Each structure stands twice: as C-alpha cells, then as structure tokens.
Amino acid sequence: MALSKKIICLFDVDGTLTASRKLITPEMRRFIIEEIQPRCAVGLVGGSDEAKISEQMGGLEVIDKFDYVFSENGLVAKTKGMEIERTSILSYMGEEKLQTFINFALKCLSELRLPAKRGTFIEFRTGLINVCPVGRSCSQQERDEFGEYDKVHKIRESLVQKFKNQFPDFGLNYVIGGQISIDVFPQGWDKTYCLKFINGFDEIHFFGDKTQPGGNDYELFIDPRTKGYTVSGPDDTKRQLEKLFGL
C-alpha cells in the first residue's frame, strides 16, 4: 500500500480487536498502537458505551491514544480524548414512545424460557437501547451458553421480528450484536453515523466480525465510502492488517 495516501482504519471492538467480551491481549494492543497507528489513523467504532469499550481495550488512557473513538455507533464521538458530539435517543423518541417500546420488550422477554436468565435485560444508553434476553449480568459461561442456544433457536431474530411488527412507524433499526443482545436505535444511527466526523482521508478501511445482513457491522461494511473486511476474531484482524500494510 502506498503510505503517501491519507488512510484511516476503523475497527469494531468486540469480536474484532478482542474475543467476545474479553479484554484485548497485550500483544494485540501493542500491534495496533506500535505497528498500525504509525502507518494510518486509527478509530474504534463500537456499539457499547465508552465505559465498556474502555474496559475491553485496557482503560481510558489507552483509548485516548486513538485518533477517534466512536462509542454507541458514533453517537458519542471523541478524537484524542476530546468529545466532539453526543446524541441522545431520548430526545429523538420522547419519553412516551421510549416507555412504550421498553414495556413491550420486557413483556416479550418475560415470556422466554432460556438456559439461564440473570439481570439487566434492558440497558438504556445515550444513543440506543440494548435488549438482552439472558441479561447483561450473566457470567461468561452463561453468555457462551446463550450464544450457542441462540444459534439454534434464533431467539434474537424472533425478537427483532416482533419489534418490527409491533412498531412499524417508530423509525427504529434493530441490530443483532455480539453474543447476547440487540441494539435498538433510530434509522440512520447505525455505525455509518461515525462517518460524518471523518473527513480528509483518501481511504477508509473498516474491520468487523458482524458484517452479515442484520449484524451491527453490516451498514458500515457495505457503505461505498469504506473498504470493508470481514474478520473471524483478533488473530484474523491482525493477519489481514499485516497483508494490507505488507508487514
């Protein structure tokens, strides 16, 4: 690759730079900061809030080193630790619609019988609502069990269809992300939202693991402004970066 071009590499976090809900390894963190960042700008684009991204990446002092950090799909945008913009789903939907959706989601979740149920089934974030059938307080083992159960029984796919049928006029997107949850946000507030903050680059490369239709990396992956790469995990991300930059 000609390094005279102005390039940015954007990375999904969970499943791309880290194993699902695990911490980034010291080796992978060193590789991104010491090998990739000197060659191009680096941005993180996660569906999770900043606290979760920070936890997985090794702390605020780590993510503040990156050129951009887009948490909640870019609805909370930072560059080099400085906040650019913060957009709220509450101001978009209003309290009445928000509660109507949350109440229906809780009703649907209450009717499910799963291998395990724990706590925090609805998580309200700045820019989205996260719906989690097993509960976000589940253990790693329970998370893995639900992930396998969901592959067979399509629990999240079924919930998404129920939400679409119930709220056809709410203007919401429903995206399956990670192992255990569904992100709910206004149409157009997917990961492509982050691109409004990225200007002056010749090439935008995006690496994600959920790039299939319905996955939370799909819209950014297929966007004509980006060059998309599907990865199977951190090791695959590293291999594809080495190939891209001739390392």
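## Strand pairing at one end of the sheet

In this predicted model, Val 76 has Arg 86 of β5 standing opposite to it. The two strands concerned, β4, which covers residues 76-79, and β5, are paired in the antiparallel sense, and four bridges join them.

## The sheet as a whole

Strands β4 and β5 belong to an open sheet of seven strands, whose order reads β5-β4-β3-β2-β1-β10-β11 and whose pairing is mixed. The edge positions are taken by β5 (82-86) and β11 (227-230), and because each of these has a single partner strand, one side of each is left without a neighbour in the sheet. Between neighbouring strands of this sheet the turn is 20 degrees on average, with direction ignored.

## Helices against the sheet

Helix α2, formed by residues 50-57, lies across β2 (41-45), β3 (68-71) and β4, and its direction runs at about 125 degrees to that of β3. Helix α9, formed by residues 234-245, also packs on the sheet, where it touches β1 (7-11), β10 (203-208) and β11, and its direction makes about 170 degrees with that of β1.

## Division into domains

The chain is divided into domain 1, which comprises the two segments 7-75 and 189-245, and domain 2, which comprises 90-186. Taken over C-alpha atoms, the centres of domain 1 and domain 2 are separated by 24 Å, and the contact between them takes 17 residues from domain 1 and 18 residues from domain 2.

## The largest pocket

Sorted by class, the lining of the largest pocket consists of nine charged, seven polar and six nonpolar residues.

Technical notes:
Residues numbered from 1 in each chain as written. Predicted model: local features only at pLDDT ≥ 70, side-chain atom pairs only at ≥ 80, totals over all residues. Heavy atoms only, no water. Pairing = 2+ DSSP bridges. Axes fitted to C-alpha atoms, helices over the stretch in contact; angles between N-to-C directions. Contact = heavy atoms within 4.5 Å. Nonpolar A, V, L, I, M, F, W, Y, C, P; charged D, E, K, R; others polar. Domains from an automatic or database assignment.
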